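Reader: I'm new to this one and would like to go through its salt bridges. Can you show me the structure before we start?

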Amino acid sequence: MAGHLDGGRRDFLLKAGLGGGAMALAPYMALAQQRPTGTAANDFRIARVTAYSLQFEGTFEYGGLKKPSRDSATYVEVETRGGLVGHGITTIADPGAVAALVNLVAGPAIIGDDALRHEAIWDKLYWSLSPRGQTGFAGHVMSAIDIALWDIKGKAYGTPIASLLGGARAQVPVYVTFGPAFLDQNELVAVAKDMHSRGFNHLKMVVGSNALPRRDTRPMDQVVREDTARVAAVRAAVGPDAHIYVDGNCSFDLPNAERLTRNLMALGLSFFEEPITQNDVRLMADLRRRTGVTLAAGQNETLAYRFRDMMLADAVDYVQPNVMIGGGYTGAVKIAGMAAGFNVAIANGGAGALQNMHMHAGLANGGFCEWHLPWMGLNRRLYKNMPEPAKGLLAVPPGPGLGFEVDKDGLMEMRVRG
Ligand SMILES: [Mg+2]
């Protein structure tokens with residue numbers, strides 16, 4: 001993967017890094033001396049990387065409803081020669097394709113590497129999977145592996161990932177994503193009331209359900225009209241003091257995003273997440289300038305320059321690097337640092353509160369995490385001893401690494417074979 005990169009600094013960095021012999025070890029001697037010693041656990045070379053494609057078929061049981069709910073994910077385990085096992089996860093990309101990439105390409109590429117050297121492994125995988133700066137599946141593959149590596153690092157040092165990242169706070173605020181598109185308006189209101197009564201005062205719902213990708217055949221003006229009615233009904237149900245957020249999942253063009261934005265701002269809107277197709281930076285900046293809406297975006301981005309351009313263009317009020325999609329903690333903390341330099345807030349979008357909470361608790365400029373009700377169905381089947389929010393707050397588990405472990409029965413039940 002390095003061969004096609006000409007000379008200069010990158011060759012030097014690669015030679016000085018992985019596989020560079022004695023020269024490569026020198027910068028890490030001090031680090032190595034700080035590691036746990038005297039146990040079999042101190043051989044951190046990667047021995048195994050395994051990915052599983054998961055499909056969840058469950059029920060959405062809130063607000064007195066019981067509806068079928070589906071989700072999917074790619075779950076990854078990384079094991080060291082010393083026997084430490086870290087786990088990671090990614091979603092919003094075909095799980096079979098991501099699992100195959102991990103099992104056939106990314107995993108074999110890092111066998112024998114030091115699991116604690118997350119920057120070296122991130123760089124190696126980036127140039128292997130994205131030799132011309134493509135993103136796509138590469139970001140998902142790198143994210144799931146990187147989360148597992150940080151889980152291993154936390155276990156090696158006996159501390160939560162949030163502490164390794166800086167330990168800014170012990171708990172993070174959460175907003176609840178209560179309103180998927182499969183709920184009709186009455187169901188939406190019932191679930192909103194249920195969540196509000198459970199102490200969630202920050203509530204997010206989907207708008208524009210796949211309008212622009214044309215999986216929804218309604219005319220766009222009808223989508224705008226019906227979404228306005230749905231949000232108005234929720235506002236009437238939860239009262240004026242609740243914070244309402246909407247997520248467009250990149251489903252609108254600019255004119256219809258603007259119409260909906262103006263309607264929703266009149267109802268009280270805390271932010272509009274990813275309103276515009278492809279997170280088009282110029283159009284998001286136009287929308288924000290024309291309407292004054294508070295805008296959030298970035299959960300599906302991997303490359304740092306995309307976030308840089310959003311902030312340079314004054315296109316966003318919140319950037320949303322997601323450790324499950326944007327390159328793991330190793331990638332997302334760089335975006336968080338850049339956001340601090342722009343005095344732009346960060347927040348979690350794209351679900352994954354259990355993983356993202358460590359970054360938002362670890363960093364001083366951390367923010368909200370997303371408690372996504374349908375996604376939590378899959379999570380409760382996949383994990384044991386996972387934390388749950390109380391009164392709108394999610395406390396970092398005290399255990400090392402992520403602080404929760406996989407339920408092997410749940411993993412095997414959801415695993416897609418073939
Ligand atoms: Mg989102």
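Reader: Is Glu-413 buried, partly exposed or exposed?

Author: Keep in mind that this is a predicted model. The cut-off for exposed is over 50% relative accessible area. Glu-413 comes in at 54%, so we call Glu-413 exposed.

Reader: Which residue does Glu-413 form a salt bridge with?

Author: Look for a partner whose closest N and O atoms with Glu-413 are 2.8 Å apart. Glu-413 sits in helix H16 and the partner in helix H15, so the pair ties together parts 32 residues apart in sequence. That partner is Arg-381.

Reader: Arg-381 also forms a salt bridge with Asp-407, so how far apart are the closest N and O atoms there?

Author: A salt bridge needs the nitrogen within 4 Å of the carboxyl oxygen. Asp-407 lies in the loop between strand E14 and helix H16, 26 residues from Arg-381. Arg-381 is partly exposed at 25%, and Asp-407 is partly exposed too, at 21%. Their closest N and O atoms are apart by 3.8 Å.

Reader: What about Lys-204 and Glu-370: are they buried or exposed?

Author: Their side chains meet in a salt bridge, 2.9 Å from N to O. Under 20% relative accessible area is the cut-off for the word we need, and both Lys-204 and Glu-370 are buried.

Reader: How many salt bridges does a search of the whole structure find?

Author: Some share partners, and that joins Arg-48, Glu-77, Glu-79 and Lys-408 into one network. For the whole structure, the search finds a total of 24.

Notes: Residues numbered from 1 in each chain as written. Predicted model: local features only at pLDDT ≥ 70, side-chain atom pairs only at ≥ 80, totals over all residues. Heavy atoms only, no water. Buried < 20%, exposed > 50% of the residue type's maximum accessible area, 1.4 Å probe, protein only. Helix = DSSP H or I, 4+ residues; strand = E, 2+ residues; numbered from the N terminus.
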